[in-house]
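Let's walk through this structure together, with an eye on where its chains meet. Please have the sequence and the 3D view open as you read.

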Amino acid sequence: MLDTDKQDRDDVAGTLAGDREAFSGIITRHGEAVQKQMRNFTRDPVRLEELVQDVFVEAYTCLAKFRGDSPFSHWLYRIATFTGRQFWKKRERDKNSVPLHDNTEEAGEETAGRDAKGAAELLFDLLRTLPPDDRTVMTLMYLENLDQAEIARRMGWTRVMVAVRLHRAKQRLKKLGGQEPWKGRVEWMLS
Amino acid sequence: MDAFLKKIERLAAMASTEPAPAALDVDGVMAKIRGIDIAGGLEADAEDDGVLSLPLRFWAGGAAAAAVVALAVSLAASAAWTELTSPMAAAESLFNVLEAL
């Protein structure tokens with residue numbers, strides 16, 4: 001059986017040679033992982049679907065730029081991270097023009113229970129108090145379990161830059177930890 | 001490590017067991033991909049009739065974000081494109097291409 005990266009490379013070559021349908025193999029193999037990754041960037045199902053589509057469209061349009069130095073999945077997940085970060089940055093830019101009550105795009109469900117979904121939503125809400133770059137670095141560390149070196153590679157940042165952003169984000173979170181509603185919500189979730 | 005950060009780590013461990021999201025609509029994504037190829041066809045048609053020739057010249061020269069946005073908006077407004085994707089998504093997708101360059 002062919003390994004996944006070999007299949008990916010074959011499909012990339014096929015797509016670039018004009019067999020557009022070869023790209024569906026890439027979507028089938030990586031769709032679930034990309035979807036899971038993008039759920040760290042939005043909890044809204046409609047937005048999630050759009051973001052996942054954006055990732056694959058971006059990959060398709062930039063496919064000729066894949067140099068093959070590392071596994072195709074690394075390249076694809078990097079695009080996914082950049083797409084999510086770009087989404088957050090756009091949200092940040094649009095913040096002032098969005099009515100205050102229009103918070104449905106990113107809000108978690110307040111009825112979430114003390115379970116995995118509830119924990120994910122609470123963590124999502126907590127991290128979205130951070131600026132996009134700090135939020136990205138914390139999301140990669142806490143939700144994608146990447147270490148600093150992997151984050152640096154994923155983002156194209158230096159290790160020092162990653163360390164600085166992590167430090168800054170952690171300081172902000174530590175401050176939030178002593179404040180309501182976060183203190184109470186986290187205690188409740190972990191109790 | 002700070003106690004609150006340790007709690008966040010516990011939350012992340014809990015969150016990691018969240019069930020996978022609903023199955024991805026592969027056909028939906030491929031429809032968007034096909035839409036890009038149709039947009040490519042539109043570029044050629046547009047050059048023929050000169051409607052988009054100015055922004056396309058900028059695009060070919062690798063310049064001017066404004067010209068590319070103009071192109072994206074023009075393409076997004078075309079009927080053939082909007083059959084497959086929303087105008088905003090089309091414009092954003094092309095803008096993403098520009099940013100990736």
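The paragraphs below look at the interface and then at some charged pairs.

Keep in mind that this is a predicted model. Start with the contact between the two chains: 37 residues of chain B touch 45 residues of chain A. Together they bury about 3,900 Å², and carbon and sulfur atoms give 68% of that area. On the chain B side, Phe4(B), Leu11(B) and Glu18(B) supply 17% of the area buried against chain A, more than any other three residues.

Now turn to charge. Side chains of opposite charge can pair when their charged atoms come close. Between chain B and chain A there are 5 salt bridges. Helices α1, α2 and α6 of chain B each bring at least two residues to the side that touches chain A, and α1(B) gives the most, with 10 residues. That side of chain B comprises 21 nonpolar, 5 polar and 11 charged residues.

Glu18(B) is buried, at 11% relative accessible area, and Arg39(A) is buried at 12%.

Another salt bridge links Glu187(A) and Lys7(B) at 2.3 Å, N to O. This pair runs from helix α9 of chain A to helix α1 of chain B. Here Glu187(A) is partly exposed at 38%, and Lys7(B) is partly exposed at 23%.

Note on methods:
Residues are numbered from 1 along each chain as its sequence is written. Chains are lettered from A and ligands numbered from 1 in the order in which they are written. This is a predicted model: local features need pLDDT of at least 70, side-chain atom pairs count only at pLDDT 80 or more; totals for chains, interfaces and linings use all residues. Side-chain values use heavy atoms; hydrogens and water are left out. Contact means heavy atoms within 4.5 Å. Buried area is the accessible area (1.4 Å probe) that two parts lose on being put together, summed over both. A salt bridge is a side-chain nitrogen of Lys or Arg within 4 Å of a carboxyl oxygen of Asp or Glu. Helices (H or I, at least four residues) and strands (E, at least two) are DSSP runs, numbered from the N terminus. Ala, Val, Leu, Ile, Met, Phe, Trp, Tyr, Cys and Pro count as nonpolar, Asp, Glu, Lys and Arg as charged, and the others, Gly among them, as polar. Buried means under 20% relative accessible area, exposed over 50%, partly exposed in between (1.4 Å probe, protein chains only).
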